[in-house]
Amino acid sequence: MPAAKDSSRSPDGPAEPEGPGPSRAPAKSEQTRALILETAMRLFQERGYEKTTMRAIAKEAGVSVGNAYYYFAGKEHLIQGFYDRLAAEHRVAVREVLDRETDLEARIAGVLKTWLDVATPYHEFAVQFFKNAADPDSPLSPFSAESEHARVEAIGICAEVLAGSKAKIPEELREVLPELLWLSQMGLVLYWIFDRTEGRERSYRLAERGARLTSLGVSLARFRVLRPLVREVHSLFTDFLPGMTNALPDPKRKPAK
């Protein structure tokens, strides 16, 4: 993650006023950051992630290279900015579903389909950087430390899906289900990236059927005869989920110079 910056001064301008009171500087700063991010997203789509440099992004955005690095420590951090923005847009857009629905299947399906709606404008861009995000040692990986903020946001929505439903969640599964739902969402994202159907129609159908299957599984887990299976599922995910989301780099892989 980028080092903490002195928020009172940008590399290309005077110090911003300190203390309480209205100031246009923070708004301008946020506008500059958004401009750089928007420009980077467009260039990544047009030229590809690997061929787009920070210098090119700065030039296209009309800012100095130093200013671009002030807001984003590198191209990877631009992608983190994209992750964070997508997560924030999803959290706002999904509010209507969570406020309206109490049925677990409807809540899960609504959250997944809303993510597909929000992500639609970025489909081709997602294809561009997927090969980098698929690398478990890359900071672009959804499991990386750099992606933690967006990941925590997404898992938080999954927890809210469960908490606001009328479904009775077995005690053994309450702790791990939010992360499990998030992992299923990552599976949907992977399918969506390769989906070439009109309007990503198959991805939406997958979201609906996945929600139905998950809801059915949670419902069946209440029955006593299935408790041994529930305990085994709980044990499986408590053993392996933390290891997956906090995976260490491959020790056999040589660090980049």
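This is a predicted model: local features need pLDDT of at least 70, side-chain atom pairs count only at pLDDT 80 or more; totals for chains, interfaces and linings use all residues.
Visitor: Which residue just after H2 takes a positive phi, and of about what value?
Guide: The residue in question follows directly on the end of H2. It is Gly62, with a phi of about 80°.

Visitor: Where is Arg200 placed, and what is its phi?
Guide: Arg200 lies in the loop between H10 and H11. Its phi is positive although the residue is other than glycine. The value is near 55°.

Visitor: Why does the distance between the end C-alpha atoms of helix H11 agree with its number of residues?
Guide: Helix H11 comprises 20 residues, 201–220. At 1.5 Å a residue, H11 should therefore span 28 Å. The computed separation of its end C-alpha atoms agrees with this, at 29 Å.

Visitor: Which residues of H11 are buried, and on what arc around the axis do they lie?
Guide: The buried residues of H11 are Ser203, Tyr204, Ala207, Ala211, Ser215 and Val218. They are placed on the same side of H11, because the arc that they cover around the axis is only 110°. In general, an α-helix has 3.6 residues a turn, so residues three or four places apart point the same way.

Visitor: Which residues are exposed on the other side of H11, and which helices do its buried residues pack against?
Guide: On the other side of H11, the exposed residues are Arg209 and Leu213. The buried residues of H11 pack against two partners, helix H6 (104–119) and helix H10 (177–194).

Visitor: What is the relative direction of H10 and H11, and which residues make the contact?
Guide: The axes of H10 and H11 come within 10 Å and cross at roughly 160°. An angle over 145 degrees counts as roughly antiparallel, which means that H10 is roughly antiparallel to H11. On the H10 side, the contact is made by Leu177, Leu181, Leu188, Tyr191 and Trp192. On the H11 side, it is made by Arg202, Ser203, Leu206, Ala207, Thr214 and Val218.

Visitor: What is the handedness of the crossing of H10 and H11?
Guide: The axes of the two helices cross at roughly 160°. The crossing of H10 and H11 is right-handed.

Visitor: How many helices and strands are in the protein chain, and what percentage of its residues count as buried?
Guide: The protein chain has 12 helices and zero strands. Of its 257 residues, the share that count as buried is 40%.

Notes: Residues are numbered from 1 along each chain as its sequence is written. Side-chain values use heavy atoms; hydrogens and water are left out. Helices (H or I, at least four residues) and strands (E, at least two) are DSSP runs, numbered from the N terminus. The expected span of a helix is 1.5 Å times one less than its number of residues. Buried means under 20% relative accessible area, exposed over 50%, partly exposed in between (1.4 Å probe, protein chains only). The arc is that of the directions from the helix axis to the C-beta atoms. Contact means heavy atoms within 4.5 Å. Axes are lines fitted to C-alpha atoms, for helices over the stretch in contact, and angles run from 0 to 180 degrees between N-to-C directions. Angles under 35 degrees count as roughly parallel, over 145 as roughly antiparallel, 65 to 115 as roughly perpendicular and the rest as oblique. A crossing is left-handed if the near helix is turned anticlockwise from the far one by less than a right angle, and right-handed if clockwise.
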